[in-house]
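Open the structure in a viewer and keep the selection tool at hand. The stops below say what to select and what is there.

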Protein chains: 4
Amino acid sequence: MDIEELQKKVIEFRDARDWGQYHNPKDLALSLSLEASELLEIFQWKDAQEVEGIKSDSEGRKRVKEELGDILIYAPNMCHEFGFDPSEVILEKLDINEKKYPVEKTKGSAKKCTQS
Amino acid sequence: MDIEELQKKVIEFRDARDWGQYHNPKDLALSLSLEASELLEIFQWKDAQEVEGIKSDSEGRKRVKEELGDILIYAPNMCHEFGFDPSEVILEKLDINEKKYPVEKTKGSAKKCTQS
Amino acid sequence: MDIEELQKKVIEFRDARDWGQYHNPKDLALSLSLEASELLEIFQWKDAQEVEGIKSDSEGRKRVKEELGDILIYAPNMCHEFGFDPSEVILEKLDINEKKYPVEKTKGSAKKCTQS
Amino acid sequence: MDIEELQKKVIEFRDARDWGQYHNPKDLALSLSLEASELLEIFQWKDAQEVEGIKSDSEGRKRVKEELGDILIYAPNMCHEFGFDPSEVILEKLDINEKKYPVEKTKGSAKKCTQS
C-alpha cells in the first residue's frame with residue numbers, strides 16, 4: 001500500500017480525536033523512543049535461541065506486531081509535523097547510507113552494520 | 001510510494017552487504033531504540049519555543065529527517081524478520097487503536113493521546 | 001549511606017534469587033534503558049507547567065521514586081559486572097566533565113548542559 | 001563513599017555552571033534515557049561471547065565506565081529535583097521488590113528477573 005496514503009490514515013485518526021494539539025516534535029520523538037522500548041522489552045533477558053523462538057510464537061508475534069505498529073504510526077506523524085514525505089525520508093537515507101557504507105567496503109562486516 | 005516496494009529496497013540494501021546475518025529481532029529492536037534516542041537527542045534541553053523553531057531550521061530539519069530515515073529503515077527490516085507486511089502492521093494497529101480509543105471518549109483528551 | 005554498602009545490598013538481593021546467571025552487560029544495559037523509559041513515560045505529553053506539577057503530586061512522586069529506584073538498582077549491578085566501584089565511577093566522570101566543561105566556558109549555557 | 005556526599009558533589013558541579021535553570025524533571029528523565037542508550041550502544045550487534053569480551057577490553061571498559069558515570073550523575077540530579085535522598089530511593093525500592101519477588105517464588109527464574 002502507498003505509504004503516503006497510510007500516512008493520511010494516521011493523520012485522519014489523529015485529527016478525529018483532536019490530538020494534533022498535543023503533537024509536538026519533542027513529545028513525538030519521546031513517544032517513538034517509548035514505543036521502541038516496549039518493542040525491546042519483549043527481548044529482555046532472552047538469549048539468542050529464545051529470541052529466535054519468538055518468531056514462531058503466536059503471542060510473541062502479536063506483541064511485536066503491535067509495537068511495530070506503534071512505531072510505524074508515530075513515525076509518519078513525526079514526518080507530518082515537518083512536512084516530510086515518508087517515501088522521501090526513506091529513499092534519501094538509503095542514498096546517504098549507500099555513500100557512507102559502500103558495498104565493497106562493508107560487505108559482511110558487523111562493524112559497519114550500524115546504519116546511523 | 002508503495003511501502004512494500006520501499007521495504008524491498010531496504011532489504012536489498014541489507015542483502016548487498018550481507019548484513020542479514022547480524023539482523024536478529026533483539027538487535028533490531030535495540031537499534032530502533034538507539035535511533036529513536038538519536039532523534040530525541042535533537043530536542044534535549046529545548047523548551048517548547050525552541051522545539052517549534054527546529055521545524056524551520058534547515059540544519060535541525062536535516063537531522064530530524066536522517067534520524068526518522070533510520071527508524072523508517074529499521075522498522076521494515078524488523079517486519080521482514082517476522083514476515084510482516086508493513087501496511088498490514090499499520091492498518092491492524094490503527095484498527096486496535098480505533099477500538100481502544102473511540103472518538104467519542106477520547107476527543108481532545110491529552111490523557112488518551114498515547115497510542116499504545 | 002555508603003554507596004558501596006548499598007551496592008552490596010543490591011547484589012545480595014540478586015544472589016538470594018540466583019539472578020546473577022541472567023545478568024550480562026547487554027541485558028543490564030538494556031534493562032537500564034527500559035527503566036529510564038518508564039521514568040520518561042511519566043512526563044509524556046506533559047507541558048512545562050504539568051511537569052513542574054508532578055513535583056508536588058503524591059502519586060507522581062511515588063512513580064518517579066520507584067523508577068529512579070530501578071535505575072539506581074540496575075546501575076550498581078552493572079558496575080558489579082565490571083568490578084567498578086560506584087563512587088569511583090561517579091568521581092572519575094565528574095573529573096572528565098570538569099575538563100570537558102570548564103566553568104568559565106560553560107556557565108549558564110544550555111548548549112553545554114549535556115554532560116556526555 | 002557516602003551517596004549523599006556524592007550527590008552533593010554532583011549538585012555543586014551543576015551549580016558552578018548555573019545549569020540548574022535547565023534541569024527540569026522531563027529533560028533529566030530524557031537525558032537519563034539518552035545516556036542509557038549510549039551505554040546500550042556499546043553492545044549493539046554483539047553476541048553473547050563478544051559481550052563477555054568487553055569485560056576484559058580496556059577500551060570497552062572505559063566506555064562502559066563513562067556511560068555508567070553519566071547515569072550515576074543524572075540520577076542524583078533527578079533525586080535532587082524531587083528532594084529525594086538517593087539512599088532512601090534505593091532502599092525503598094529494594095523493599096518493594098522484596099515483596100514483589102519473594103525469594104521462594106522467584107529463585108532462579110528468568111521470568112521474574114525484571115525488577116520493575
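Begin by selecting A:Phe84, which counts as buried at 6% relative accessibility. The model is a predicted one.

A pair of aromatic rings is described by two values, the distance of the centres and the angle of the planes. Over all chains, a search of the whole structure finds 16 aromatic pairs.

For the next pair, select A:Trp19 and B:Tyr101. How are the rings of A:Trp19 and B:Tyr101 placed, stacked or edge-to-face? Their centres are 5.7 Å apart and their planes stand at 75°, so the pair is edge-to-face, since planes over 60 degrees apart count as such. This pair crosses between chains. On one side, A:Trp19 sits in the loop between α1 (3-16) and α2 (25-41) of chain A; on the other, B:Tyr101 sits in the loop between α5 (86-100) and α6 (103-106) of chain B. A:Trp19 counts as buried at 0% relative accessibility, and B:Tyr101 counts as buried at 7%.

Next, go to A:Ser109, in the segment after α6 (103-106) of chain A. With a relative accessible area of 23%, A:Ser109 is partly exposed. Which residues is A:Ser109 in contact with, leaving aside its neighbours within four places in sequence? They are B:Trp19 and B:Tyr22.

The last stop is in chains C and D. Select helix α2 (residues 25-41) in chain C and helix α2 (residues 25-41) in chain D. These helices pack at an angle of about 165°, and their axes are 8 Å apart. α2(C) and α2(D) are therefore roughly antiparallel to each other, as angles over 145 degrees count as roughly antiparallel. The crossing in which α2(C) passes α2(D) is left-handed. To see the contact, show side chains on α2(C), including C:Lys26, C:Ala29, C:Leu32, C:Ser33 and C:Leu40. On α2(D), the contact residues include D:Leu30, D:Ala36, D:Ser37 and D:Leu39. Colour the contact by class: α2(C) with α2(D) has 12 nonpolar, 4 polar and 2 charged residues there.

Notes: Residues are numbered from 1 along each chain as its sequence is written. Chains are lettered from A and ligands numbered from 1 in the order in which they are written. This is a predicted model: local features need pLDDT of at least 70, side-chain atom pairs count only at pLDDT 80 or more; totals for chains, interfaces and linings use all residues. Side-chain values use heavy atoms; hydrogens and water are left out. Axes are lines fitted to C-alpha atoms, for helices over the stretch in contact, and angles run from 0 to 180 degrees between N-to-C directions. Helices (H or I, at least four residues) and strands (E, at least two) are DSSP runs, numbered from the N terminus. Angles under 35 degrees count as roughly parallel, over 145 as roughly antiparallel, 65 to 115 as roughly perpendicular and the rest as oblique. A crossing is left-handed if the near helix is turned anticlockwise from the far one by less than a right angle, and right-handed if clockwise. Contact means heavy atoms within 4.5 Å. Ala, Val, Leu, Ile, Met, Phe, Trp, Tyr, Cys and Pro count as nonpolar, Asp, Glu, Lys and Arg as charged, and the others, Gly among them, as polar. Buried means under 20% relative accessible area, exposed over 50%, partly exposed in between (1.4 Å probe, protein chains only). Rings of Phe, Tyr and Trp (its six-membered ring) pair if their centres lie within 6.5 Å; planes under 30 degrees apart count as stacked, over 60 as edge-to-face and the rest as tilted.
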